[in-house]
Amino acid sequence: MKSLKHLLAAALCVASTAACAADMGSAPITFISPFPPGGGTDTLTRMISAAIGQDTKWNIVVENKPGAGGNLALDATARAKPDGHTLVMAQTDNIVLNPWLYEKLSYDTFKDFKPVGPVASSPSVFVVVPDSPYKTLADVVAAAKAKPGQISLGIPGIGGSGDLIGHLWRKAAGMELMHVPYRGWSQAFPDLVSGRIDLYTGSVASLLPQIRGGKVRALAVVANERSPALPDVPTFVESGFKTINQTIWWGLMAPGKTPDDVIATLNRALNKAQDNPDLVKKLEEAGYSVMKGSPADLGKRHRIDHDAFGKIVQEAGIPKQ
């Protein structure tokens, strides 16, 4: 049975959003993950929700709602009651890119969501098999120029961040690469091992177990600074590609009409959890870097990347689905 305090708070919420903000624990809070259980986004969502729940004693549940490139999860969040009890773990590859990749969306990427705060980032990493002749990015560029269009790059889906970074690299290096789309790593790995593709790209968080297990070798990460999880792997910037530094990020978003005081309460809880050294260590070991900030910080990042990646999509000539 709910305590008298929670029953009173729930009743007050009908008339006062401030009361809702003051007692978020009066009802379960759902964190929606746009991808299936066991993946990088799911792992991150569960780590963050557990840390916030431990601090606040809120009842937080994770709901996996995969499909349509993250659109099902975003649609469910946009339509949810704007009381702070439904949030989505949005990321570059859905809330930023989908407006450029889909002809029709059921939501507006800005109007229908309100930022809670940035959560974490993880750079893309380009990998090859351990015995590949390519030891550096320069080796790949030299081979691609010698054999235009014959060096193949596996990507996790057309129009995703990996595909777009591949286009940036091709343009910056003046080379041709053959992009081969896959649904994910499990489908691409057999082709990489058999030599059907020459290299593959995904986030550090998703490929770190394979790198540490010796199944693949990392060539470079896409970031301004080296990944804490891969301190010996150079960045694209270090390798001479100064403009290729677009790190993938994750952030919590709420329905667009969620009151500002509720957003502020959620942001404080998120920031407190991100100050926990144990959580920071776990995130870094999993291939993430903490991105602590305000709702405005996430909103600014959302807008900047929306505009920047939109230009890349248009330059690459990727048609909408």
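Reader: Which residue in strand 3 does F31 stand opposite?

Author: In this predicted model, F31 stands opposite L87 in strand 3.

Reader: Why are strand 1 and strand 3 called a pair?

Author: Pairing requires at least two bridges between two strands. Strand 1 (residues 29–33) and strand 3 (residues 86–91) have 3 bridges, so they meet that requirement. Their pairing is in the parallel sense.

Reader: What makes strand 2 and strand 11 edge strands?

Author: The sheet is open, with 6 strands in the order 2-1-3-10-4-11 and mixed pairing. Strand 2 (60–64) and strand 11 (289–290) each pair on one side only.

Reader: Which strands does helix 4 touch?

Author: Helix 4 (residues 71–79) touches strand 1, strand 3, strand 4 (113–122) and strand 10 (248–255). A touch here means heavy atoms within 4.5 Å. The direction of helix 4 makes about 145 degrees with that of strand 3.

Reader: What is the strand order in the open sheet of 5 strands?

Author: The order is 7-6-8-5-9, and the pairing is mixed. Strand 7 (178–181) and strand 9 (217–221) are the edge strands. The twist averages 30 degrees from one strand to the next.

Reader: How do you know that strand 6 and strand 8 pair?

Author: Strand 6 (residues 152–155) and strand 8 (residues 199–203) have 2 bridges, in the parallel sense. The cut-off is at least two, so the two strands count as paired. Within them, G154 stands opposite Y200.

Notes: Residues numbered from 1 in each chain as written. Predicted model: local features only at pLDDT ≥ 70, side-chain atom pairs only at ≥ 80, totals over all residues. Heavy atoms only, no water. Helix = DSSP H or I, 4+ residues; strand = E, 2+ residues; numbered from the N terminus. Axes fitted to C-alpha atoms, helices over the stretch in contact; angles between N-to-C directions.
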